[in-house]
Amino acid sequence: MVCYIYPIKLLLPEFMKTIALIAHNEKKNELLEWAKQNVTTLRQYNLIGTSNTARLINSLLSLEVKPFGHGPAGGDILLSAKILRGKVHKVIFFIDSENPHGHEHDIQTLIRTAVINNVPIALNRASADYIIMEGPEDVTP
């Protein structure tokens, strides 16, 4: 386990970086297990998530994930807007690439927005592990 020591300023809500946590239905349990293994690190961030993902994590872990909308009902677009406004610093999105999604164009917009705006985005557990290794102070605002 890696232990980071941060200046108090970084742990105050107004200075904390934000991570968005999202998972397709078929990947929610995988994201939940990943979050459980990284709960100490995740506590050092403001956490937001699509409504169902946030509700699941909040009900089973001692984390506070603020919901911002249901993915297929525009939640992915709302997250894209937050990225454009500089309000999100990392995205963890466990996608189900084996099944079609009716809002595929929204998903692609979200991925493209993160890439264009140089926001780290993880689409699976391996890339999420790399993104979370970087401490909150290592992300440029």
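Which residue in S5 is the bridge partner of Val91? In this predicted model, the bridge partner of Val91 in S5 is Ile121, and that pairing belongs to an open sheet of five strands, arranged in the order S3-S2-S1-S4-S5 with parallel pairing.

- Strand S4, which covers residues 90-94, is joined to S5 by two bridges, and the two strands run parallel.
- At the edges of the sheet stand strand S3 (65-67) and strand S5 (121-122), and because each has a single partner strand, one side of each is left without a neighbour in the sheet.
- Helix H4, formed by residues 51-60, packs on the sheet, where it touches strand S1 (18-23), strand S2 (46-49) and S3, and the direction of H4 makes about 150° with that of S3.

**The aromatic pair**

- The count of aromatic pairs comes to one, and this pair is formed by Trp34 and Phe94, whose rings are tilted, with 6.2 Å from centre to centre and 55° between the planes.
- Trp34 lies in helix H2 and Phe94 in strand S4, 60 residues apart, so that the pair links distant parts of the chain.

**Helix H2 with helix H7**

- The axes of helix H2 (residues 28-37) and helix H7 (residues 125-133) come within 11 Å of each other and cross at roughly 25°, an angle that makes H2 roughly parallel to H7.
- The crossing of H2 and H7 is right-handed, and the contact is made on the H2 side by Glu30, Glu33, Trp34 and Gln37, and on the H7 side by Arg125, Ala128, Asp129 and Ile132.
- Sorted by class, the residues of the contact of H2 with H7 are three nonpolar, one polar and four charged.

**Helix H2 with helix H4**

- H2 also packs with H4, at an angle of about 45° and with the axes 11 Å apart, which makes H2 oblique to H4.
- The crossing of H2 and H4 is right-handed, and in this contact Lys28, Leu31 and Leu32 of H2 meet Asn52, Thr53, Leu56, Ile57 and Leu60 of H4.
- The contact of H2 with H4 has five nonpolar, two polar and one charged residues.

**Helix H5 with helix H6**

- Helix H5 (residues 75-84) and helix H6 (residues 104-116) have axes that come within 8 Å and cross at roughly 15°, and this angle makes H5 roughly parallel to H6.
- H5 passes H6 in a left-handed crossing, with Asp76, Ile77, Leu79, Ser80, Ile83 and Leu84 of H5 making the contact with Asp106, Ile107, Thr109, Leu110, Thr113 and Ala114 of H6.
- By class, seven nonpolar, three polar and two charged residues take part in the contact of H5 with H6.

Definitions and conventions:
Residues numbered from 1 in each chain as written. Predicted model: local features only at pLDDT ≥ 70, side-chain atom pairs only at ≥ 80, totals over all residues. Heavy atoms only, no water. Axes fitted to C-alpha atoms, helices over the stretch in contact; angles between N-to-C directions. Helix = DSSP H or I, 4+ residues; strand = E, 2+ residues; numbered from the N terminus. Parallel < 35°, antiparallel > 145°, perpendicular 65-115°, else oblique. Left-handed = near helix turned anticlockwise from the far one by under 90°. Contact = heavy atoms within 4.5 Å. Nonpolar A, V, L, I, M, F, W, Y, C, P; charged D, E, K, R; others polar. Pairing = 2+ DSSP bridges. Phe/Tyr/Trp six-rings, centres within 6.5 Å; stacked < 30°, edge-to-face > 60°.
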